[in-house]
Amino acid sequence: MGAPAHPRTHARMHLLLPAAACACALALSGCTGDAGDRDHVVVTTNILGDVTENVLGGQAEVTVLMPPDADPHSFEISAQEAALLESASLVVHNGLGLEEGVEHHVSAAEEAGVPTLEVGTHVDPIDYTSDEDRGEPDPHFWTDAQRMLLAVDLIAEAGAEELDGADTDALQADAEDYRGEIEELDTWMAERFEALPEERRSLVTNHHVFGYLAERHGFEVIGAVVPSGTTLASPSSADLADLAEAVDRAGVEAVFADSSQPDRLAQAMAEEAGTEVEVVPLFSESLTADGGGADTYLEMMRSNTDAIADALTE
């Protein structure tokens, strides 16, 4: 079965890149104009940025801090971008420790009285099961499309409450339209994965990022090359040896590595395992630039689903 149709174009997000410096200066200077009269929503990650644009883009300017193809655990923002956070009508952030380099700026904006929405805490988060992070909440909820439906509702509710100029009927209509697309995605993913036999539903990844997908679709996470929920950690030789033994025992034939990260560690683990293991790139934590294969949330999820299903199919 092919991927569902997705007529909605990719989100028209305002990314804080050098080419947009003039526009940012205008916004921060308090100059007026058509754009200046609109509410302004600032989003930390580009995955939530795409979702927020689809829900609130008709009612407000949406600025996304995290560039395409970036690592949410390590990206940082400039002083100008931090000031933009503190002048926003609403700040939407993932939370649960994901945006490690930006968290203190979000806290500063909240202390300054800016309304903030930490999406991750409100979507029934699960805990990591890895030894490194056991008991800590897993922030990667977007790999479960059903939880992203909750995120859409949360963002719509926050927008209706915090955006002074919002047309709530139009806002809710946009949210419902986008909800329908995610529901269609979730159904298609379930059907795609149901074709995999039980014994082939084992995942090894670069780091622990697919716990929600595993819970939703009946996969077992054998382990991760980096035994942590953050890319900032590093595996020891003992970690690699333990994982290699688990991979060999489970007969796993594919390791899934984030496309924005070098796959050197995954390759080293594959060699350590003493068996043929394919390293398959996924778009796990960041959208890409236009044409990069995952420039929207929906496209990212379709691409990953196909890559996982294809790699695990006999």
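Is Ser-284 buried or exposed, and what is its relative accessible area?

Modeller: Ser-284 is buried, with a relative accessible area of 4%; buried means under 20%, exposed means over 50%, and partly exposed lies in between, using a 1.4 Å probe and protein chains only. Before we go on, please note that this is a predicted model, in which local features need pLDDT of at least 70 and side-chain atom pairs count only at pLDDT 80 or more, while totals for chains, interfaces and linings use all residues. Residues are numbered from 1 along each chain as its sequence is written, and side-chain values use heavy atoms, with hydrogens and water left out.

Where does our residue sit? Ser-284 is in the loop between strand E9 (278-282) and H10. Helices (H or I, at least four residues) and strands (E, at least two) are DSSP runs numbered from the N terminus. In total, the protein has ten helices and nine strands. It has 314 residues, and 53% of them count as buried, which puts Ser-284 in the buried group.

Now for the neighbours. Setting aside residues within four places in sequence, Ser-284 is in contact with Ile-47, Trp-142, Val-209, Phe-210, Asp-258 and Asn-304; contact means heavy atoms within 4.5 Å. Across the protein, 68% of the contacts between residues at least 6 apart in sequence join residues at least 24 apart.

Let us follow Ile-47, which is one of the buried residues of H2. Helix H2 covers residues 46-56. Eleven of its eleven residues are buried, so H2 is largely enclosed by the rest of the structure. Its cover includes strand E2 (39-43), strand E3 (60-64), strand E4 (90-93), helix H5 (145-162), H6 and helix H10 (297-312).

Two packed helices are described by the angle between their axes and the distance between the axes. The axes of H2 and helix H6 (residues 168-194) come within 7 Å and cross at roughly 130°. Here, axes are lines fitted to C-alpha atoms, for helices over the stretch in contact, and angles run from 0 to 180 degrees between N-to-C directions. On the H2 side, the contact uses Asp-50, Val-51, Asn-54, Val-55 and Leu-56, and on the H6 side Leu-171, Asp-174, Ala-175 and Tyr-178. These residues divide into six nonpolar, one polar and two charged. In this scheme Ala, Val, Leu, Ile, Met, Phe, Trp, Tyr, Cys and Pro are nonpolar, Asp, Glu, Lys and Arg are charged, and the others, Gly among them, are polar.

Helix H6 also pairs with H5: their axes come within 9 Å and cross at roughly 175°. That makes H5 roughly antiparallel to H6. Among the residues that meet are Met-148 and Leu-149 of H5 and Tyr-178 and Ile-182 of H6. By class, this contact has eleven nonpolar, four polar and four charged residues.

In the largest nonpolar core, which has 62 residues, Met-148 and Tyr-297 have the most contacts. A nonpolar core is a set of buried Ala, Val, Leu, Ile, Met, Phe, Trp, Tyr and Cys residues joined through side-chain atoms within 4.5 Å. Beyond four places in sequence, Tyr-297 touches residues including Ile-47, Trp-142, Met-148 and Tyr-178. Another core, of 15 residues, lies apart and includes Leu-65, Phe-75, Leu-85 and Val-114.

Finally, back to strand E4, part of the cover of H2. His-93 is found in E4 and is buried, with a relative accessible area of 11%. Among the residues that His-93 touches are Leu-48 and Leu-117, and Leu-48 is one of the buried residues of H2. His-93 and Leu-117 are 24 residues apart along the chain, while their C-alpha atoms are separated by 6.2 Å.

Key: Parallel < 35°, antiparallel > 145°, perpendicular 65-115°, else oblique.
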